Amino acid sequence: MLMATVQTSVMEKPNLSDNADATGNRRWIIVGLLSVGAVIAFCSRTNISAALAYKPFVEHFQLSNIDRGLLNSAFFWSYMLLQIPTGWIVDRYGVKIPYAISFVVWCLASAATGLTRSVSELATLRVITGAGEAIVTPASFRWMRQHFTENQSGLAVGVYMLGTKIGPAIGAPLAAWLITLYDWHLMFLIVGLAGLVWLIPWLLMVKNDRPTARALGAEKTQAATLPIRNIMSSPVVWGSIIINFCYNYFVFYCMTWMPAYFVEQRHVSLTKMGLFSFFSFAGIAIVALLAGLAADMIIKRGGNAVFVRKAFVIGGFAIACTEIIGVQSSSVQGALFWAIVSLSGLGLTTANSLALCRMTLIPKQAVGLVTGIQNVSTSLAGIVGPILSGWLLEVSGGYQAPMLVIFAFLLLGGVSCAVLLRPEWSPKVSPAPAG
């Protein structure tokens, strides 16, 4: 039975007076900036999927299905390796400057992809793009955890997560449109360089949040109360790792292989494929925002935060399982309908899972590090999903086998949430060291 209240150390409220960014409406504007930053990141992350569904691009580089799977996953090789280091960086050096530097790196690498002449150059630049974007999630959740209380966190995360879904919603159709209008070379250049405009409001509006020597000492003292062994022995952390993997396996499949599925197996045009991506990811974005707001409202009225958010997470996984209906459909319209419903329904999980696993059940002093640890599984889904799906497509000759694997992971995600996300299994905070 769930505890009536979450442990005090876990539910610790952020000190909103510690930072000028937290006053008035400024913090909501900055959450909006973080969301727009995520849009730009995901446009750079997903534009490769439109190119890999474009026959001239595939023929230019002479790519097999396995090659396409590897290129879809290359981004996540460095992205995964740098999750924990970037979590450590933002915990100790703040969000503003590290994020700005990383932003420049991934935008320039994304733009340079349009100049590639070989598969090795293409893969290298995808790895560099992934390295630049590794900071996005740890930095964003670190900032939100510092500036929002529990009954605001669902909406804050929902606003941020709008960007992570609007990005792929517009990324694929934008890339497809630019390829059709110009070619794939200019598509990469335009998407990469245009994103740099975001740096202007970021540098002007966000205060330098690098901790002072005194504050850093206090954070180190706080961190000492939550050693890594306590984090890694927590069933909540392991449950969140499984949930992140299962959730993102489906999402990354939709970003990477679903465009090719509709173009090659359902014989829709590149433009229509772009519209499918837009409606699917717009759907999950809207549902994520509304679900986060609804959960916040229920919690404000006295609902148990853990129970409420878990109900939304499990419901999202259940609706997402309807993707199996779409793959069995004999009509293109049926396949499109269930693909949109399943991904949109997963939006019930989005904000509530992240609020639960990275804020509600995680002590404040470890948010950056724990987010980095959890994001390793997210990145692993980005590596395994495209490669495994490409291999299954190659050996089975169709997309049904990859879809069945997705269905199994969605079931696993829902069960893991129900069983493992319990407040009493959160990472335990030890007494502060003397002196």
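Where is the place of Thr-137? Thr-137 sits in helix H7, where helices (H or I, at least four residues) and strands (E, at least two) are DSSP runs numbered from the N terminus. The model here is a predicted one, so local features need pLDDT of at least 70 and side-chain atom pairs count only at pLDDT 80 or more, while totals for chains, interfaces and linings use all residues. Residues are numbered from 1 along each chain as its sequence is written, and side-chain values use heavy atoms, with hydrogens and water left out.

Back to Thr-137, which is buried with a relative accessible area of 10%; buried means under 20%, exposed over 50%, and partly exposed in between (1.4 Å probe, protein chains only). Setting aside neighbours within four places in sequence, Thr-137 is in contact (heavy atoms within 4.5 Å) with Tyr-79, Tyr-160, Arg-358, Thr-371 and Asn-375. Another buried residue is Ser-280, at 1% relative accessibility. Ser-280 belongs to helix H15 (residues 270–300) and touches Ala-339, Ile-340, Leu-343 and Ser-344, again not counting residues up to four places away in sequence.

Next come the nonpolar cores, each a set of buried Ala, Val, Leu, Ile, Met, Phe, Trp, Tyr and Cys residues joined through side-chain atoms within 4.5 Å. The largest has 58 residues, and Tyr-261, Phe-262 and Leu-346 have the most contacts inside it. Helix H13 (residues 235–256) gives this core its largest share, 12 residues. Leu-346 touches Tyr-247, Phe-250, Val-251, Ile-284, Gly-316, Phe-317 and Ala-320, leaving out residues up to four places away in sequence. There is also a second, separate core of 33 residues, with Ala-38, Phe-148, Trp-198 and Ala-351 among them.

What about empty space? Rolling a probe the size of a water molecule over the atoms shows where such space is left. The largest share of the lining, 6 residues, comes from H13. The lining splits into 10 nonpolar, 9 polar and 3 charged residues, where Ala, Val, Leu, Ile, Met, Phe, Trp, Tyr, Cys and Pro count as nonpolar, Asp, Glu, Lys and Arg as charged, and the others, Gly among them, as polar.

As for cysteines, a disulfide is a pair of cysteine sulfur atoms within 2.5 Å, and by this rule the count is 0. Cys-357 is in no disulfide, with the nearest cysteine sulfur, that of Cys-417, 7.0 Å away. Cys-357 counts as buried at 1% relative accessibility.

Gln-62, in the loop between helix H2 (55–61) and helix H3 (65–81), has a phi near 50°, a positive value in a residue other than glycine. Gln-62 is exposed, with a relative accessible area of 70%. His-267 has a positive phi as well, near 60°, and is exposed at 64%.
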